[in-house]
Amino acid sequence: MFIRRFLQLQIGLLLYGASLALMVEANLGLNPWSVFHQGLSQMTGLSLGLIVNAVGALVLLVWIPLRQKPGIGTISNVLLIGTSADLFLWLLPPIDGMALRIAFLLGAVVLNGAATGAYIGAGLGPGPRDGLTTGMVRLTGWPVRWVRMGIELGVLALGWMLGGAIGAGTVLYALSNGPLLQFFLPMFEIKAASTPQPVAS
């Protein structure tokens, strides 16, 4: 069971990085955290994937006062998503034409939902940014939707000021990510095996 969960986790994170690369190539706007990552990438000259991994590692430091505990999935998230994004950005050919850009964007958004469902469904620990949200919810007592919205609006604003790409893709992601995750998560969620009940003699 652990091997299946571990493999599902790795595949989910690999595909999450691929979805990020597709969104970047579409050039129609990124999700909030990716806007921030792209802005930092442009400011520093470092690759987008390296920034994704570095920000994930820095967010983990914030977990310490929030008393969040990382799992295998958390560490894998920090190491793999950005690496995968850089790999797919290198592999994908340049695209031209609005129709193809829209196709890349739609594919990226759907793939992102499936990939998120796969790595969360593996149940091996949240990603750094997800753990930041849950830690802040526990610390503040505020509803998760407001905490998540506040964090994402904050990184979106910072990313925009740094030159990250905001556009139709940003809006589409914001509107569709929740429903897509709700659709895909039950497909990939691995339930813990129930303990057999003793049979009365």
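Which residues are linked in a network of salt bridges? I put this question to what is a predicted model, and the residues I found linked in such a network are Asp130, Arg148 and Glu152.

**Entry 1: salt bridges**

I searched the whole structure for salt bridges and found two. In one of them Arg148 pairs with Asp130, and I noted 3.8 Å between the closest N and O atoms. I then looked up where the partners sit: Asp130 belongs to helix 6 (residues 128–140) and Arg148 to helix 7 (residues 144–161), so this pair ties together parts that are 18 residues apart in sequence. The other bridge joins Glu152 to Arg148, with the closest N and O atoms 3.6 Å apart. Here both residues, Glu152 and Arg148, lie in helix 7, where they are four residues apart, or about one turn of the helix.

Arg148, for which I read 33% relative accessibility, counts as partly exposed.

**Entry 2: helix 2 against helix 7**

Two packed helices are described by the angle between their axes and the distance between the axes, and I began with the helix that carries Arg148 and Glu152. The axes of helix 2 (residues 32–44) and helix 7 come within 7 Å and cross at roughly 30 degrees, and the two helices are therefore roughly parallel to each other, angles under 35 degrees being counted that way. I recorded the crossing of helix 2 past helix 7 as left-handed. On the side of helix 2, the residues making the contact are Pro32, Trp33, Val35, Phe36 and Gly39, while helix 7 contributes Ile151, Glu152, Val155, Leu156, Leu158, Gly159 and Trp160. Sorted by kind, the residues of this contact between helix 2 and helix 7 come out as nine nonpolar, two polar and one charged.

**Entry 3: helix 2 against helix 3**

How is helix 2 placed relative to helix 3, roughly parallel or roughly perpendicular? I read an angle of about 115 degrees for the packing of helix 2 with helix 3 (residues 48–66), the axes being 9 Å apart, and the two are therefore roughly perpendicular to each other. This crossing is right-handed. The contact involves Trp33, Phe36, His37, Gln38, Leu40, Ser41 and Thr44 from helix 2, and Leu48, Ile51, Val52, Val55 and Val59 from helix 3. I counted the residues of the helix 2 and helix 3 contact as eight nonpolar, four polar and no charged.

**Entry 4: single residues**

I looked at Leu158 of helix 7, which has 42% relative accessibility and so counts as partly exposed. Its C-alpha atom is separated by 15 Å from that of Val52, a residue 106 positions away along the chain. Lastly I turned to Ser19, which lies in helix 1 (residues 2–26). With 1% relative accessibility, Ser19 counts as buried, and, leaving aside residues up to four places away in sequence, I found that Ser19 touches Ala108, Leu111 and Asn112.

Terms used
Residues are numbered from 1 along each chain as its sequence is written. This is a predicted model: local features need pLDDT of at least 70, side-chain atom pairs count only at pLDDT 80 or more; totals for chains, interfaces and linings use all residues. Side-chain values use heavy atoms; hydrogens and water are left out. A salt bridge is a side-chain nitrogen of Lys or Arg within 4 Å of a carboxyl oxygen of Asp or Glu. Buried means under 20% relative accessible area, exposed over 50%, partly exposed in between (1.4 Å probe, protein chains only). Axes are lines fitted to C-alpha atoms, for helices over the stretch in contact, and angles run from 0 to 180 degrees between N-to-C directions. Angles under 35 degrees count as roughly parallel, over 145 as roughly antiparallel, 65 to 115 as roughly perpendicular and the rest as oblique. A crossing is left-handed if the near helix is turned anticlockwise from the far one by less than a right angle, and right-handed if clockwise. Contact means heavy atoms within 4.5 Å. Ala, Val, Leu, Ile, Met, Phe, Trp, Tyr, Cys and Pro count as nonpolar, Asp, Glu, Lys and Arg as charged, and the others, Gly among them, as polar.
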